[in-house]
Each structure stands twice: as structure tokens, then as C-alpha cells.
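This briefing collects selected features of one protein model for use alongside the sequence and coordinates. The points are grouped by topic.

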Amino acid sequence: MTLKIGVLASGRGSNLQALLDAIEAGTVDGQVVLVVSDRQNAQALERASAKSIPAVHLSPKNYSDRAAYDRALAALFKERGAEAVVLAGYMRIISKSFLEAFPEKVVNIHPALLPAFPGLHGQKQALDYGVRYSGCTVHFVDEGMDTGPIILQAVVPVEDDDTEETLAAKILKEEHRLLPQAIQLFSQGRLRVEGRKVRILKEKPTL
């Protein structure tokens, strides 16, 4: 069954593009039904429009608080029939009101090996700490800051001469591989959340 996917993005949307490419290549059984950004000039909106996908800028300034904004977001995705929502470089914390509309159906990708280095600038945090390995994490979203159950992780080595930019580039390459892989597992119904753990079923469940 084709998974109807909503995407939230604040920036250039390279992970959105990776997801769209995977769908076109047939490695993700999904359809992006709506892309929404909190930033009017987000390149992610241009990427969506180029594929004739509805793209909406919804300004937080027009809402009284975060919960009201997130309720409006959730309503947009519900109207388009989204069954899962992917945060592809979305720079705002999702509130309880949004998560209640999509329980265990909101997925984020973070540029660090969680639970280490949550929040902004995960690559810089990793370099400053002196780790030898960093990477990226795809996880379900909960009410915390990058604290939801982990679906998949990928590791990249940190070299002595790495800068924030070179490390970010290496991690981004893995993000583009890992996010579509996680969404395909979701589409196949192979993810089971059991407390803090996500169990990956070996085979697609039969109906």
C-alpha cells in the first residue's frame, strides 16, 4: 500500500529531495502529498512545486502560540490524507497537539548519533567533544528534544582534519540514504514501537 507522506521543512530540503528520488526510483512505496514550511523562502517548497506537489508556507506569526500553529499544521496534513509526517530539516519543536494528531507517525532525522548531541549544530557539538565517530539518527518524534525512539542510525568516522562543514557533508550523504530506508520500513508496516525501542520486523506483516 502506498504511504501518503506529509513533509515539514525549513530549509533547502535536500532530505525531501532524497525521499522524492527514492519514491521515483521505486525504493520507497510512498507519495508525498503535501510539503509545508514555516519559512516563506525555503528551497524545500521550490523542490515540491517542481514535482507538482502542493507546497504551503504557513507562518507561525499568524498564530497565538505553538500549539495553535501545530493544530493548523495537523489540519493541513489531515486534509491531504497524510498517514505519516517526515521532518526533513524542520527547525521547530513539534508540540503535543501535533503528535496527538499523528501518534507514532512523525519521523525526524538528526545529524548526530543520538542520544549524544541533540538540538542544533550536532556536527559542531561532535567536533567540539572530540568524538571519533559521528553520524545520523532517524527516530520517531516525541515531546522532547530529539528524544524519541530510534529507528535507524548510520556511523561516519571523524577525521582529525574534519571541519564542521566537511563532517556535515559526510553525515548528509548518510542522511540521504538512511531516511528513505526508514520510511520504506514504515510504509511496509515493519516498525513496532515497544517503549523506548523500535523493533524492525523481518518481513512485511500480512493483512
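Predicted model: local features only at pLDDT ≥ 70, side-chain atom pairs only at ≥ 80, totals over all residues.

How many bridges join strand 4 to strand 5? Three bridges join these strands, which run parallel, and strand 5 comprises residues 106-110.

**Strand 4 and its partners**

- Strand 4 covers residues 84-87, with Ala84 and Val86 pointing one way and Val85 and Leu87 the other. All four of these residues are buried.
- Strand 4 is also joined to strand 1, by four bridges, and this pair runs parallel.
- Leucine 87 in strand 4 is the bridge partner of leucine 8, and leucine 87 also has asparagine 108 in strand 5 as a bridge partner.
- A right-handed β-α-β unit is formed by strand 4, helix 4 (residues 96-101) and strand 5.

- An unreviewed UniProt entry carries the annotation "binding site" for Gly13, Ser14 and Asn15. The lining of the largest pocket includes Gly13, Ser14 and Asn15.
- Glycine 13 sits in the loop that runs between strand 1 (3-8) and helix 1 (14-25). Its relative accessibility is 5%, so glycine 13 counts as buried, the cut-off for that class being under 20%.
- When neighbours within four places in sequence are left aside, glycine 13 is in contact with Ala44 and Arg47.
- Asparagine 15 belongs to helix 1. Asparagine 15 is buried as well, because its relative accessible area is 6% and the limit is under 20%.
- Not counting residues up to four places away in sequence, asparagine 15 touches Ala88, Ile109, Leu172, Glu175, His176 and Leu179.

- Helix 3 (residues 66-79) has 14 residues and reaches 20 Å from its first C-alpha to its last, close to the 20 Å expected at 1.5 Å a residue.
- Buried residues of helix 3 are Ala68, Tyr69, Asp70, Ala72, Leu73, Ala74 and Phe77. The cover over the buried residues of this helix includes strand 1, strand 2 (30-37), strand 4 and helix 4.
- Helix 6 (residues 164-187) has 24 residues and should span 34 Å at 1.5 Å a residue; the distance of 33 Å between its end C-alpha atoms agrees with that expectation.

**An exposed loop residue**

- Arginine 132 is found in the loop between helix 5 (122-129) and strand 6 (133-140).
- With a relative accessible area of 53%, arginine 132 is exposed, since that class begins over 50%.
- Leaving aside neighbours within four places in sequence, arginine 132 is in contact with Val156, Pro157, Val158 and Asp160.
- The C-alpha atoms of arginine 132 and leucine 16 are separated by 29 Å, and the two residues are 116 residues apart along the chain.

**Domain annotation**

- The unreviewed UniProt entry assigns residues 4-183 the annotation "domain: Formyl transferase N-terminal".
- The span of residues 4-183 is 38% helix and 23% strand, and its end C-alpha atoms lie 11 Å apart.

Technical notes: Residues numbered from 1 in each chain as written. Heavy atoms only, no water. Helix = DSSP H or I, 4+ residues; strand = E, 2+ residues; numbered from the N terminus. Expected span 1.5 Å × (residues − 1). UniProt positions renumbered as here; feature names shortened; annotations may be inferred. 1 Å grid on protein atoms, 1.4 Å probe; cavity = no way out; pocket = protein on both sides within 12 Å on 5 of 7 lines; lining within 4 Å. Buried < 20%, exposed > 50% of the residue type's maximum accessible area, 1.4 Å probe, protein only. Contact = heavy atoms within 4.5 Å. Pairing = 2+ DSSP bridges. Right-handed = clockwise from strand over helix to strand, strands pointing away.
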